[in-house]
Amino acid sequence: MKIAQVTPLYEAVPPRLYGGTERVVAHLTDALVDLGHDVTLFASADAETRARLIPVRDQAIRLDPAPLKSDLAAHMTMLAEVLKRADDFDVIHFHTDMIQFPMFERHADKTVTTLHGRLDMKDIGGVYERWPEFGLVSISDDQRRPLPLANWKATVHHGMPGETYKFSPKAAGYLAFLGRISPEKRPDRAIQIATALNKPLKMAAKVDAADKVYWETVIKPMVDGNPLVEFVGEIGDHQKSAFLGGAEALLFPIDWPEPFGLVMIEAMACGTPVIAFRCGSTPEIIEDGETGFLVDTLEQAVAAAGRAHLLDREAIRARFDLRFSATAMARRYLDVYGDLLAKRPFAEEPLADVVTPLRGLEGRSFAANA
């Protein structure tokens, strides 16, 4: 198939440091190429990909030092480039939420849109009611809750290339927190859990401008002078294996309906169990008592973190390989693409070979184990 992948422009593909959506797009794109498909990636020029790259901006927005820049203008320019080439593709896979809908109405039948964010915000529902012709993919079943009547085609859990993460058979005796310093990620809970257990906590996190007050007034006072807590700051992919692999457990104490949470499967790839609050997608990702523990209270989290070392790290890595590899994710998306193509008339003979075996998959969910 000839497939276009259209990514947000906020981070490089893959991100240099923190970043979720663009990292998933990078891994999906490369996996599709490895499976033999003709893939074109629309992204900033600093992307690293095995696909054909159409650069639409000189660099990703977040780390661009220019003091004044327009996110909207950058994305509109990219969408214009995609639209100009729309007839070149069998499938156009958007990861840009809903901004493309008005421009691609006449091409809606060849598009797939994966929604990567939360959907419980005012005004969002009206967009999907206005443009119901665009097929949507959720990254967890829980993500769909605010929009149960949207045009959902499948749920496809994220995947990562296993070779990116080194399995660690033995932990170094600390707990880990990896993510953003923000109220909904609850780094305060992570500090409280570690303190209650008298265990070292390493925190690798970025502080966005929007969260600086929270960092300065809530988290930094809990870190400063606490001999158990080491604030590492923001880290990149090349540092994650050592950081996550050395941990007895990853603490994922979220307090919001997180649609997925990549760090959970990154930890699993290293063999590290995850202690996650039962919120959002966590029950779909963590197998309680196998790849980590699901908890509802701080007391339960403390108890779970205290027995995380009893879990089998090799079994955790095996579950990652089975459920959350980049290849498993790509194959699920190929099923979605095939289902899309099966509903369209074909003018080109070669596509029939791809689509025919995939007919009858309407409505299937691909979130189950690979």
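Q: Leaving aside its neighbours within four places in sequence, which residues is Leu201 in contact with?

A: In this predicted model, Leu201 touches Leu175, Ala176, Phe177, Ala190, Ile191, Ala194, Leu228, Val229, Glu230 and Leu251, once neighbours within four places in sequence are set aside. Leu201 is also among the residues with the most contacts inside the largest nonpolar core, together with Ile265, Val274, Ile275 and Tyr337. That core has 87 residues.

Q: Which helix gives the most to this core?

A: Helix α11, residues 326–342, does, with 9 residues. There is also a second, separate core of 29 residues, and Val56, Ala86, Ile92 and Ala150 are included in it.

Q: What describes a pair of aromatic rings?

A: The distance of the centres and the angle of the planes describe such a pair. The count here comes to 9 aromatic pairs. One is formed by Phe101 and Tyr128, with 5.8 Å centre to centre and 80° between the planes, and is edge-to-face.

Q: Where do Phe101 and Tyr128 lie?

A: Phe101 lies in the loop between β4 (91–94) and β5 (111–115), and Tyr128 in helix α3 (residues 124–130), so the pair ties together parts 27 residues apart in sequence. Both Phe101 and Tyr128 are buried.

Q: How are the rings of Tyr174 and Phe243 placed?

A: Their centres are 6.5 Å apart and their planes at 45°, so this pair is tilted. Tyr174 belongs to strand β8 (residues 174–180) and Phe243 to helix α6 (residues 237–245), so the pair ties together parts that are 69 residues apart in sequence. Tyr174 and Phe243 are both buried.

Q: Which residues do ring pairs link into a cluster?

A: Phe101, Tyr128, Trp131 and Phe134 are linked in this way. Over the ring of Trp131 sits the charged end of Arg130, 4.5 Å from the ring centre. Elsewhere, the charged end of Arg307 sits over the ring of Phe293, 4.3 Å from its centre.

Q: Which residues of an α-helix point the same way?

A: An α-helix has 3.6 residues a turn, so residues three or four places apart do. Now take helix α2 (residues 71–84): its buried residues include Ala74, His75, Met78, Leu79 and Val82. These cover an arc of only 130° around the axis, which puts them on the same side of α2.

Q: What do the buried residues of α2 pack against, and what does the opposite face carry?

A: They pack against β1 (2–6), β2 (38–44), β3 (52–57) and β4. The face of α2 turned away from the buried side carries the exposed residues Leu72 and Lys84.

Conventions:
Residues are numbered from 1 along each chain as its sequence is written. This is a predicted model: local features need pLDDT of at least 70, side-chain atom pairs count only at pLDDT 80 or more; totals for chains, interfaces and linings use all residues. Side-chain values use heavy atoms; hydrogens and water are left out. A nonpolar core is a set of buried Ala, Val, Leu, Ile, Met, Phe, Trp, Tyr and Cys residues joined through side-chain atoms within 4.5 Å. Buried means under 20% relative accessible area, exposed over 50%, partly exposed in between (1.4 Å probe, protein chains only). Helices (H or I, at least four residues) and strands (E, at least two) are DSSP runs, numbered from the N terminus. Contact means heavy atoms within 4.5 Å. Rings of Phe, Tyr and Trp (its six-membered ring) pair if their centres lie within 6.5 Å; planes under 30 degrees apart count as stacked, over 60 as edge-to-face and the rest as tilted. A charge sits over a ring if NZ of Lys or CZ of Arg is within 6 Å of the ring centre and within 35 degrees of the ring normal. The arc is that of the directions from the helix axis to the C-beta atoms.
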